[in-house]
Every structure is written in C-alpha cells, then in structure tokens.
Amino acid sequence: MKNLKFLLAGALFALNLQAAGDEKTIVIGATPVPHAEILEEVVAPLLAKEGYKLEVKVFNDYVIPNLAVEQGDLDANYFQGLPYMKSFNKDNDTHIVPTVGVHVEPMGIYSRKIKKLDELKDGDKVAISNNTADSTRSINLLEKVGIIKAKDGEYKSPHDIVQNPKNLKFIEMESAQTPRALDEVAIAFININYALGVGLKPTQDALLLEGKDSPYTNYVAVKAGNENLPKIKALDKAILSPEVKKFIEDRYKGAVIPSF
C-alpha cells in the first residue's frame, strides 16, 4: 500500500495540484457528473458572494482525491459515501471524515443485451466494481430481486455469494470502468455519476435502481481536524443551499436525489 501511495503522490504532482492553504480559496476534488457540475454551476457563484474562490479539480477515480485530501493538496472532496470512506481509511491509513451529506445517487443495473433481469442466462457475465462499498451495493441489489444469495455482513463481494443458480460470472473492475464493459457483459452495475457521464438516463435505461431509501448519501469530505475551518463551513453552507437542491431536482430529474 505504501508503494501505491508513492505512485499516486507522483500522479498528484503531475496534475499540478496547488497545495491548499489560502483562507479565501477552497480547492475541492470531485468526479465530473453530478458533483463537479453542482460545484461549478451553483456552489461557486454562491461562495463568490461570500468572498471565497472555489477551485474544482475533476477526477475520474475514487482514490487520488482522497489521498490528495490526506496530503493537503485538496481542502475537500465530494464524490463518496460513508461505507467507501470507512473502507478507504481502513485500507490506506488515511483520516478522511464527512462534513455534510448532499445527495443520493442510486446504483443501477444496465444492459445492452437484455431488457429484463429474468432474461439472464446460465453463465452470463456481470461487471461489478472491485471496491468494497460498490460491490456490497451490487450484491444487495441482486439479492433483493432473488437472483443470488450472499453471506450476511457489512461488506460483500462475489466471493461471499453462497447461492448462484444461474452461475453468473462476476468480473471485478474499477467502478469507472463498468460502463465500458456494457458490450462485453450481460449486465453491469454502474454508479449514477458514471452512467450520466456516458449519456445513460438512469430512470429510463436502468433495469433496476436502488430505491430512494438508499443509505449511500454522497458527502463533502475533509481531513480530520479541518471540519470547522471557516472556509469549510462556508462550503458546507453553500452546498446545502436551496439553490443547490433546486438545481439537483431540475437537472437530474430523479436520477440524483437531494439528501437535505
């Protein structure tokens, strides 16, 4: 894991991230859709009225923005839920903590080969995330509709499946890669931010979506000890504004659900 940190630290340097430190500049990392859109189109103008400049650094993975917060290259990030944050801290000896919960992005099952889940055939391939939190969400969805059964536990992976009548073949990959696997598999579990990023319309295209009761709220996150900095408090206030709530509801039309 130390080697991984070393390599990713080099990647951060290559991205030319400036160290956070300016009291009136907030440097935040986010995935493109919907996080960066929300920040750039609504939160930045709100913060500007309060005298703050918001710099949004866009990432297409879930690892570098957490390491960047830990190392002080970012003041905050906005892309993840609590289960992923918890497992990341455990695996990487980081100290990332949540500030405010903003929205839910229901996990969905998508396909270019079938129209309904009961069309799955024996031995079909399934694209699933290799990160613990998203894998758990995916397994829970399949269990919910009775396609598989897994061991009880806080986290689940394909290795925890104990009943798989259709002998589905689970192919684990980075969350960001699952949309690209659609042509190669029968079904793929895709996070809404990545689904939106490739032009999918979750409420129309997904064979199954998590319900509005999904526990996977996306949070603003910072390094422990920075939660009460004035600029983080200003960020939290802006992102929980009525303007942001309206933007989410109008732009994403139920594909992204405000949590406040």
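**Helix packing and buried sites in a predicted model**

Leaving aside neighbours within four places in sequence, Ala238 is in contact with Val43, Leu46, Leu47 and Val244, in what is a predicted model.

Q: In which helix is the place of Ala238, and is Ala238 buried or exposed?
A: Ala238 has its place in helix 8, which covers residues 230-239. Its relative accessible area is 8%, and the cut-off for a buried residue is under 20%. Ala238 of helix 8 is therefore buried.

Q: What distance separates the C-alpha atoms of Ala238 and Ala44?
A: Ala238 and Ala44 lie 194 residues apart along the chain.

Q: How are helix 2 and helix 8 oriented to each other?
A: The axes of helix 2 and helix 8 are 9 Å apart, and the two helices pack at an angle of about 125 degrees. Their crossing is right-handed. Because angles of 65 to 115 degrees count as roughly perpendicular and those over 145 as roughly antiparallel, the relation of helix 2 to helix 8 is oblique.

Q: Which class of residues makes up the contact of helix 2 with helix 8?
A: From helix 2, Leu39, Val43, Leu46 and Leu47 meet Ala234, Leu235, Ala238 and Ile239 of helix 8. The contact of helix 2 with helix 8 has no polar and no charged residues, and its eight residues are nonpolar.

Q: How many charged residues are in the contact of helix 2 with helix 9?
A: The axes of helix 2 (residues 32-49) and helix 9 (residues 242-252) come within 10 Å and cross at roughly 140 degrees, which makes helix 2 oblique to helix 9. On the helix 2 side the contact is made by Val33, Pro34, Glu37, Ile38, Glu41, Val42, Val43 and Leu46, and on the helix 9 side by Glu243, Val244, Phe247, Ile248, Arg251 and Tyr252. Sorted by class, the contact of helix 2 with helix 9 holds 10 nonpolar residues and no polar ones, while the number of charged residues is four.

Q: Which backbone oxygen does the side chain of Thr178 reach?
A: Thr178 is found in the loop between strand 9 (169-173) and strand 10 (187-190), and Thr178 counts as buried because its relative accessibility is 0%. Beyond four places in sequence, Thr178 touches Ala127, Ile128, Ser129, Met173, Ala188, Phe189 and Ile190. At 3.1 Å, the side chain of Thr178 reaches the backbone oxygen of Phe189.

Technical notes:
Residues numbered from 1 in each chain as written. Predicted model: local features only at pLDDT ≥ 70, side-chain atom pairs only at ≥ 80, totals over all residues. Heavy atoms only, no water. Helix = DSSP H or I, 4+ residues; strand = E, 2+ residues; numbered from the N terminus. Buried < 20%, exposed > 50% of the residue type's maximum accessible area, 1.4 Å probe, protein only. Polar contact = N/O pair within 3.5 Å; in protein donor to acceptor, adjacent residues only side chain to side chain. Contact = heavy atoms within 4.5 Å. Axes fitted to C-alpha atoms, helices over the stretch in contact; angles between N-to-C directions. Parallel < 35°, antiparallel > 145°, perpendicular 65-115°, else oblique. Nonpolar A, V, L, I, M, F, W, Y, C, P; charged D, E, K, R; others polar. Left-handed = near helix turned anticlockwise from the far one by under 90°.
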